[in-house]
Amino acid sequence: MPAKKSTRKKITAAARKVAGRVVTAVKAAPGKIKKAVKSAAAAAAQRPRKVAVKKEVAQKPAAAPRLKPATQPAAKYKLPESYGTQRLFLVDRDPLVARDPRWLYAHWDFPLAAQRAAARLAAGQQLNLRIYQDSPAGRLVTQVAVETEARHWFVPVGRGETRYVAELGYTQKTGDWKSLAVSAPVHTPPETVSPDTSLMMATLPPDVPFQKVLQTLGAAVAENLPLTQVIRQFRAAGRTELPEVTAFPAPQRWTPGQARTLTKLAGARSVRRRIVTELASLTAAHILPEIEPPAAEASAPVAVKTEGKAFEESVPTSPTAPARPKSTSSKSPPSACCSSPASCSSPPAANSPPASPATMTRTKIPNPPTNDPARRHAVFALCLLPFAFMSSPSYFSLVLHAHLPFVRHPEHEKFLEESWFYEAVTETYLPLVQMLDGWQRDGVNARLTLTLTPTLCAMLGDVLLRERYTRHLENLIALAEKEIRRTRWDKEFAPLADYYHRRFLAVREPWSAHGHDLVGAFRRFQDAGLIEIITSAATHALLPLLADHPPALRAQILTARDQYRSWFGRDPRGIWLPECAYVDGLDRILQEANIRWFITDTHGLIHARPRPHYGVFAPVFTPHGIAAFARDRHSAEQVWSRDIGYPGDPRYRDFYRDIGFDLDHEYVRPCLPAPHVRGFTGIKYYAVTGKAAAKTIYDPAAALRAADDHANHFLHDRRRQFERLAKVMDRPAHIVAPYDAELFGHWWHEGLDFLNYFVRKAVYDQKEFILTTPTEYLRAHPTQQIATPAASSWGEEGHWRVWLNDANAWIYPHLRIAHERMTELARRFRQHGGGVQKRALKQAARELMLAQASDWPFILRSGTSPDYARARVEDHLLRFTKLYEQILAGRIVVPLLEKMEATDNLFPNVNYRYWA
């Protein structure tokens, strides 16, 4: 008993001491808290909460990250720590530069207790991650000691275009290796230009559905129909742009070589049948500017290979095309392509001017070896003869990508992040409608390609957001009127206040004239032939990071196609892959959706296998028949570059200096995006100015003159670029200039004026090139090279680093499990979903796709609104998990489901069976 009393006294004394410290801390806390709140408020007032401009071209490479796991969110992590599958996953990652995809990202799913128990059994009490080449029996590339609490790790492997396998385990005290899990293999993207310069061509008109092509060619093969009859069938179906069969000699029966080639089927489990034509084209072995062929090949003779005499007889010639060689070898070097993006538009060396197409020797490029992956792939073709490239002007395609994440919060009267939508409508989308109205009124024969992503269309069509935007616009007009009164005696600011008032009134006109329906307005412009509207993935997910689960890819693409049909009454011809991110195999799903083309970044085509014969100045057909167009780096730099880009001109309006931060809070409060947080109003009185400490007053007239000057400069550079290309290409060059639409008008206030000036000058003031869309280009030139584009994106450093790094890697283990669960639901209830159950299945698909959006990891990386992005990912995944559990249990909580449907109400007819 005495011992117990003594212990009790000690505990009581210790408790009193701790309580005293707590009381002291509590008394001191109010002052510290008050000081911290003031400091945070001051910082928030000076730091605009805005999504940063993305995808700068000229960026310094970041230092390689240390070997460590991705950090967990700072806030309470509500998602499960583990799902208990005890598996290891591997994803390729490139944190350095676009030409060096040498990092892997691995994550695993083990209960934390199991990981700790394994570490205790290890000799060094440490888990290890091993990376092997090809298989666990292959060469050990590296072994990394990982922390016991870690869930994922970044590992350097030092080599691209290689197959790797990961293994998680530990070395036992006996010295034996104990394996816990082995990943599936993964291939890192290529990091160099392909040494394979072989050339295979295919012809595929963009307006003939893939299924129709397959049915016709399949019947031709099965019935042994003559090639001429196949072409006649397509002409009878309305494809009058195809050549008359009498214009070309053709065999009456398939040769054995043709039959073998056409009857090759790749992937019997594919939704669409695919027929291959591996036809090597007779094209000039010309060399693009400033590019030297490999030394070992420069003087080697090139052998000509053919599949049969019919190929020889079926190749057409034209008056402008060089004569075909009689011999089977040539002293001309094989084709070469850009080894560096910077060299694509450099002028040819003075001592070696390129020959004109009329005098160049045409050389047959050999097919790749039979074990080459490109030769094994199946590629569509309409016929066995490539079209002759006729003399015509060059082509320029201007592509604008309009996208916003789905942000809709009916539970709040005002919500900060909803202002992203209102600002974009005021400063980009409505002024764009005004510009298109002007082109239509003036008869400008312009062509523009515009992406309207499914999430943006859903927001533009939402009744609640339309009503809120109307109030927002009226508040802006009222604020401008207040500014006119406030600045009436100020000679510098009064003209600007009047300028904004007139501008907001002008924006209201098309908003009212088109009945608050911008999607309908853009549809009418497309129906009139002024623009081509393309789609994107359903919620702008970074598709390569979903590629390990094909149903997730399929749902993103097919849902986007379905939504496009509902908005525009037709199928999309092109797609803007989110962040221009492509990975091998994605074209199979694009083929199923009958999408004919997409855009990749420069190195995505430069590093294609085999080497692209025309560099980035002509598209290639992927193994599944989708045309891949590449971004021209030079036209991109003039707009995006921090150092030489036009928006940095000191005469242009400064984006960040806004009266929402400069004037009294109560004065601007009615127009702030959130009542208690300072933000942008859209009224900005200062110019970019440059590096000077004091900003100069914005002069709209001077800014318009700058836009006109830059439009002239941009036009002049494109004409010079086409002139250089015409000297070295035996076909018209095609330049693609893709940009974020929100850059023009929103980030760069005068950007739409620049575009308007450039387009009108291009239509009326020059004849070197014509404005076109990629679909129109494919109609004019349906014969293109067959190649496999490299995995790439247009983000920082060219791959996935922006969306897969220490700040956001925690997302993907949860997405992986959610993907598998959604597929489980889709397969289990493929035939039986109905009523409330069907509604729950559709809502589960919506929640998962919203969690996949690339916007959230981008914001987490940029740090602009990280708390909001983290909350969005967690909320969507938690909602999905609740629905998953309720659907399997057969106990769906209807009030909870109705609340989810009212909040995330996009894609009303989403097909959850796409996940099956």
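## Contacts and overall make-up

Of the contacts (heavy atoms within 4.5 Å) in the protein between residues at least 6 apart in sequence, 80% join residues at least 24 apart. The structure is a predicted model, in which local features need pLDDT of at least 70 and side-chain atom pairs count only at pLDDT 80 or more, while totals for chains, interfaces and linings use all residues. Residues are numbered from 1 along each chain as its sequence is written, and side-chain values use heavy atoms, with hydrogens and water left out.

The secondary structure comprises 26 helices and 21 strands, these being DSSP runs numbered from the N terminus (helices are H or I of at least four residues, strands are E of at least two). Of the 916 residues in the protein, 58% are buried, where buried means under 20% relative accessible area, with a 1.4 Å probe and protein chains only. The protein exposes about 37,300 Å², and carbon and sulfur atoms supply 53% of that area, as computed by the Shrake-Rupley method with a 1.4 Å probe.

## Helices H8 and H20

Two packed helices are described by the angle between their axes and the distance between the axes. The axes of helix H8 (residues 419-442) and helix H20 (residues 751-764) come within 10 Å and cross at roughly 25 degrees; axes are lines fitted to C-alpha atoms over the stretch in contact, and angles run from 0 to 180 degrees between N-to-C directions. H8 and H20 are therefore roughly parallel to each other, a term that applies to angles under 35 degrees.

On the H8 side the contact is made by Glu427, Thr428, Pro431, Leu432, Met435, Gly438, Trp439 and Asp442, and on the H20 side by Leu752, Leu755, Asn756, Val759, Arg760 and Tyr764. By class, this contact has eight nonpolar, three polar and three charged residues; Ala, Val, Leu, Ile, Met, Phe, Trp, Tyr, Cys and Pro count as nonpolar, Asp, Glu, Lys and Arg as charged, and the others, Gly among them, as polar.

## Helices H22 and H25

Helix H22 (residues 811-828) and helix H25 (residues 866-889) pack at an angle of about 30 degrees, with their axes 11 Å apart, and H22 and H25 are therefore roughly parallel to each other. The residues in contact include Ile811, His814 and Leu815 of H22, and Val873, Leu877 and Phe880 of H25. By class, the contact has eleven nonpolar, two polar and three charged residues.

## The covered helix H16

Helix H16 (residues 633-640) is mostly covered, with six of its eight residues buried: His634, Ser635, Ala636, Gln638, Val639 and Trp640. What covers these buried residues includes helix H19 (700-726) and strand E19 (734-740).

Notes
Parallel < 35°, antiparallel > 145°, perpendicular 65-115°, else oblique. Buried < 20%, exposed > 50% of the residue type's maximum accessible area, 1.4 Å probe, protein only.
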